Amino acid sequence: MFDTFLARLGALSWQRQLLAALGLGLLSALALPPVHAVPVLLLAIPGLLTLVCGQPNWRRAAWIAFAWGWGHGVAGIWWVTEAILKDVEHFWWLVPLAAPVLAVALAAFIVLPVLVARLLPAGWPRVFAFAGAWVLAELARGFVLTGFPWNLIGTVWAFAALPAQGAAIIGVHGLSLATMLLAGVPLLHGRTPWALAALTLAAFAGFGAWRLSLPDPPDQPVQLVLVQGNVAQEVKWQQDQRMPIFRRYLGLTETAAQAAHLAAPHDQLVVIWPETASPFLLTQDPEARRMAAEALPVGARLLGGTVRAEWSPDGRLRQVWNSLAVLDSAGRVQGVYDKSHLVPFGEYMPLAGLIPIRMAAGGMDFSAGPGPVPLAPPGMPPFGALICYEVIFPAAVTPKPRPEWLVNITNDAWFGETSGPWQHLAAARLRAVEEGLPLARAAQTGISAVFDARGRRLAFLPIGATGTLTLPLPGAVAAPLFARSGLVLPGFAALLCMLPGLVKWRLIRRRVLSPHR
């Protein structure tokens, strides 16, 4: 079946091959969250390499790779258009452009790995070199222009805890490497590659089952209350909605916190609000802090998303931060984390404002915080805070010294009921597995969830729900290998995969250039 399909692709005209590459790229996105149709990669990846390697020159090959990558990117991040529709009156002209333009940048990171594969002879050398080059490109995507490691191909396995356990050793980039190697099997002849692929999947499943069977660490003496206010982005910053929104969070908090305190009176109670949940400057507004404190039982803590500001002596606004503030039940500020990895066009204007697109409210860029820092309010296990898409960056989420849990607050109301929040959630699950730390995620309109230190989802509030989650804070496990080695291991594995192919390519090239030696 695969051979027939690939042969038909190779027989198409140039124009139809471009269309086929685009279609295969679109198809490949079905492997991503929330669909997780991983087997489509067995068609999409061999089809891509067959089309590219059949081209007469590198320019045509690059166009094929770009068409595939553009289709993959558009289908994977189409949800960015939803954010524009929140302010369509001002940004209507961006509606047909946003996802296609962003997909151009994503496609660029796919062209080079495919061209590398084209240089190598068919078979194992090509498949291994392609997988290694793909992962190196993914690693680069996490850093270039502040980075955007969204929809790394390894996230296709984040539909459950068991297939994601390999991330504890090799991280999501290691899962990407394994995924590309497995997807390339139809390009290899004989039964041996399929047998090895089956053994690899069995090994991953066995490792996952073994790791999930290990004794779980005891829960911390902490009760978590996650509050999801379900506030639509269109009304979030309207002046007449500020107090109703604040009272909604206060009411949900008071009801759930009192019930949790009665059920476990000896546990520390921690309430978590989403990103910028407070319509008021929580750290600088005494009345807002007083009202928030009144909703908390004595001894409880509130981890609340808020904007923080600084004024000059003459009263001019000088700086603003996207922050998480820790308040005690007396309304005192016991800690603040300022977001350090800001969203381009949403929180700051890149390229010195040469592109006049600002999606977030306000006329001033947010300032970046100093980076991951542990927060350890009195009586609470120390935690690392992650605001919004800071959670998508592998090996960059855990401060030192290592905390006992992670808190991810986010406002996914920008993206409505699209695939975006599900893709964001998948990244959060993988960070819990990679770091061996429980992760509590409070989202404005969903998806709020709590993962244990092995990535099992313990609680869940869907998109569009108004409510709370109450449960004990799971314990942490010993730092897995990835948490200790970071990106070094998957990067080294990617280079190792490329090495045999590059050596063989060098030997072949030497024979071609020097036939009489």
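Which helix gives the most to the lining of the largest cavity? In this predicted model, that helix is H4, with 5 residues. The structure holds 2 cavities of 30 Å³ or more, and the largest of them has a volume of about 190 Å³. Its lining comprises 17 residues, of which His72, Leu106, Ile110, Arg141 and Asn151 come closest to the centre of the cavity. Besides H4, which spans residues 58-77, helix H7 (98-118) and helix H8 (124-141) are contributors to this lining, each of the three helices supplying at least two residues. When the lining of the largest cavity is divided by class, 10 residues are nonpolar, 5 are polar and 2 are charged.

The second largest cavity has a volume of about 80 Å³. It is lined by Pro149, Trp150, Asn151, Leu152, Thr155 and Val172, together with Ile392, Pro394, Gln423, Ala427 and Arg431. With 3 residues, helix H14 (residues 420-435) gives the most to the lining of the second largest cavity. By class, this second lining consists of 7 nonpolar residues, 3 polar residues and 1 charged residue.

Turning to the strands, an open sheet of 6 strands is found with mixed pairing, and its strands follow the order E5-E4-E3-E2-E1-E12. Strand E5 (333-338) and strand E12 (467-472) form the edges of this sheet, and because each has a single partner strand, one side of each is left without a neighbour in the sheet. From one strand to the next, the twist of the sheet averages 30 degrees.

Within this sheet, strand E1 (residues 222-228) pairs with strand E2 (residues 268-272) in the parallel sense, and the pairing extends over 5 bridges. Leu226 stands opposite Ile272, the latter residue belonging to E2. In general terms, the strands of a sheet pair through backbone hydrogen bonds, in either a parallel or an antiparallel manner. Helix H12 (residues 242-263) lies across E1, E2 and E12, and runs at about 155 degrees to E1. The edge strand E12 is therefore one of the strands across which helix H12 lies, as is E1, the strand that pairs with E2 in the parallel sense.

Terms used. Residues are numbered from 1 along each chain as its sequence is written. This is a predicted model: local features need pLDDT of at least 70, side-chain atom pairs count only at pLDDT 80 or more; totals for chains, interfaces and linings use all residues. Side-chain values use heavy atoms; hydrogens and water are left out. On a 1 Å grid over the protein atoms alone, a cavity is a set of points where a 1.4 Å probe fits but cannot get out, and a pocket is an open set with protein on both sides within 12 Å along at least five of seven lines; lining residues have an atom within 4 Å of a point. Grid points are joined across faces, edges and corners, and a volume is the space filled by probe spheres set on the points. Helices (H or I, at least four residues) and strands (E, at least two) are DSSP runs, numbered from the N terminus. Ala, Val, Leu, Ile, Met, Phe, Trp, Tyr, Cys and Pro count as nonpolar, Asp, Glu, Lys and Arg as charged, and the others, Gly among them, as polar. Two strands pair if DSSP finds at least two bridges between them. Axes are lines fitted to C-alpha atoms, for helices over the stretch in contact, and angles run from 0 to 180 degrees between N-to-C directions. Contact means heavy atoms within 4.5 Å.
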